[in-house]
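Let me see what I can find out.

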Amino acid sequence: MRVLFLLIVAALLLSSQRARAGDLAEVKARGELVWGGDLQGGEPFVFEDEKTPGKIRGFEVEIADAIARRLGVRAKFAQNDWSNLVPGLERGDFDMALNGLEDTPDRRQRILLSVPYFVYGETLTLRKGDERRSLSELSGRKVGTLNQTVAHDLLKQQPVEIVLYEGQQEPYFDLQHGRTDAVLLDHIIADRYGCVLKSLHCVPEDVARGVYVIGFQKGHTALQHAVDDALRAMIADGELRRILEGWKLWDARQDELAVRSAPPPPPAPVASAVAAAQPTREAAPAPRHFDGRQLHLFLEGALITIVLSVVSFAIAMPLGLLLAIGRLYFGPLVRTLCAAYIELFRGTPLLLQLYVLYFGLAPVIRLSPMTAAILGLGLNYAAYEAEVQRGALLAIPRGQTEAAEALGLSHAQTLRHVLLPQAFRTALPAVTNDFVALLKDSSLVSVLTVVELTKRMTIAAVDLRDWMIPGLACAGLYFAMSFPLSRLSRRLELKLQHDSHPRPA
Amino acid sequence: MIHIRALHKSFGSRRVLDGVSGEVRQGEIVTIVGPSGCGKSTLLRCLNGLETFEDGCLSVAGFELTPGAARPGDLRRLRSAVGMVFQDFQLFPHLTVVENVTLAPRIVRGTPADSAKKTALELLDRVGLADRAEARPAQLSGGQKQRVAIARVLAQGVRVLLLDEPTSALDPEMREEVREVLRQVAHDGGGDGKALTIVLVTHEMRLAIELSHTLWVMQSGRIVESGVPKEIAARPESAVAREFLRLAGESSS
């Protein structure tokens, strides 16, 4: 007890000693400028050096170092999940957020932003031979992008079907294999992951342009102004250009930097359309509250979760039963095969299996996201159900089999009429438990672009800038699905128990 | 009806049947007695193929059994003529009493459900349990369970009945109801009224004397003495028979 208490005190002390973010005066006093970013964003932003683990590289690392040097302090990196950079900043985990943060009206409302250090273009990638050049020509088509990006906001205003991904490679992979018709992402990503692929090509004109800026906590205007001055000086004396050139990021777009960084900063030039390809449109205001429309989307997500779970469990149960029977009552070859299947699917992560099924098999068989999701969950859970059923079958006394066989029943008849009905009763609690687990595991299929309940929740949380209400709504819906199930199973269990061990009449 | 020739069987290095031979005529009732581990239950289980044997030969109700595993189809035909009642009943807990009795006729013989049920109810009436037809096994006493098990085996339409210590799992006060049913079955025959050939393994000397025409005394995997039960009871020749009678006398007094 005392040890636990000391541990808790120690943990509290340690956590309170973390560098708290501050305004310029505190940064200077500390001699350290702590900046937040996500190493997962990868090359060329911020990433870990392959050769020397622990050392970070990237054009943003060099920009951070240059700014710090100009402020007379050292730069220190703080790892933070990209989608939570703004909350992290507000919580005070670091002094500034510097990691491909786009200048948007929403961010402007919430935090302070610096002048830009990079101009990006939203690039449309298509399959070779596709002559379309703009989003308006893709009406009703599937367009892939990353969640929480300006590209995503742009697509929301178009009559296209948006397909959301978590990683930077997957959108182009699916485009190659015909699962989508186009991908819209900023040119740093498109140049690296999309335009280089043989079967794809990128539309040369940008769909829209925007800028990357640095974020500060509200109120830290002194730090904001100091960083703005440093950036302007870097633009003026060519240091920023040298850094960007070093990473082969300097292009004609960057000529806009000088104008865009001139004081006072121009009003939010978000998604300003270029050329005549695209009429300028203000971003549709995101819903500010959890309203009826959101609830409707949540219910849709819950429906998808139910369909996913029910259909995949309908695959898992019979397949699991076959595997259990194969493992118990067949010859060595079938036994080994069944055991191998079970060990393989139980011994590797479900997420990996989903990736293999959806992306790995795509060159051979192109499964739709929903099919791959159902199949993945079903095949995985079959392994668990096989073990549950095997255990239940083994729990039946040997005498039952002998009695059935002495009555002249064949092996199959014994299984069908004597063993399985009893195993079913024994297994019921475990099976229900597994189904509830499946209901929750089904959230993993969001990596295959299926928008089920959890995915819907994360999207809404970003839209509403609030995790509390969407989180509660999501939890409530999961509970509403699993609780009646647990109750039903309990009642069934009691009834079956009553049948085999009733009170003496 | 049953011919046993020089049957040999071992469990690992332990020899359980060491050249057992014997004959059971049609309609004859044979009781096997002997100390625990003498091989009497194993011999009984060989008679319907629940156990295999290593050497010798066996003919039951016209079916030949040879050393090693028999073909599943042959075993099923054998078992539709040779039924077994187990020491621990082995009713199917998920089925009602009447479903336990109709299972084999419906599934194995393809008897229509209604006529199978009619026969089952008649058999349950014979064992005095017609009123418990819809009960679950768990609702029955041990004696009642064993009576259901007897009705279930009779519903198979067997000609040979193997009884493996049918009363030894029961409390003494329940044994009489089962003995009564067995007496009646021995007297009245199977479901079709034809005389049954019965092989009974038991520790109860009283049951052996009452019921059977012939008594086999087994020791160490062999039959060491056989004859009319009353005569053996009066003049036991082997030490095993004397010991068995002494113990049976103690337990019945």
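Predicted model: local features only at pLDDT ≥ 70, side-chain atom pairs only at ≥ 80, totals over all residues.

**The sheet in chain B**

I began with strand S1 of chain B (residues 2–11), which is joined by five bridges to strand S4 (residues 55–60) of chain B; the two run antiparallel.

Arg5(B) has Cys57(B) of S4(B) standing opposite.

Next I asked myself: which helix packs on the sheet? I found helix H1 of chain B (residues 40–47), which touches S1, S2 and S4 of chain B. The direction of H1 makes about 60° with that of S2(B).

I also wanted the whole strand order. The sheet is an open one with four strands, and in chain B I read them off as S2-S1-S4-S5, with antiparallel pairing. At the edges sit strand S2 (14–24) and strand S5 (63–65) of chain B, and each of them pairs on one side only. On average, neighbouring strands here are turned by 20° against each other, ignoring direction.

**Where chain A meets chain B**

How many residues of chain A are in contact with chain B? I got 22, and they contact 23 residues of chain B.

I checked which helices are involved on the chain A side. Helix H16 (398–406), helix H17 (411–441) and helix H19 (468–500) of chain A each supply at least two residues. H17(A) gives the largest share, with seven residues.

Last, I sorted that side of chain A by class: nine residues are nonpolar, 10 are polar and three are charged.

Key:
Residues numbered from 1 in each chain as written. Chains lettered and ligands numbered in written order. Contact = placed C-beta atoms within 7 Å. Nonpolar A, V, L, I, M, F, W, Y, C, P; charged D, E, K, R; others polar. Pairing = 2+ DSSP bridges. Axes fitted to C-alpha atoms, helices over the stretch in contact; angles between N-to-C directions.
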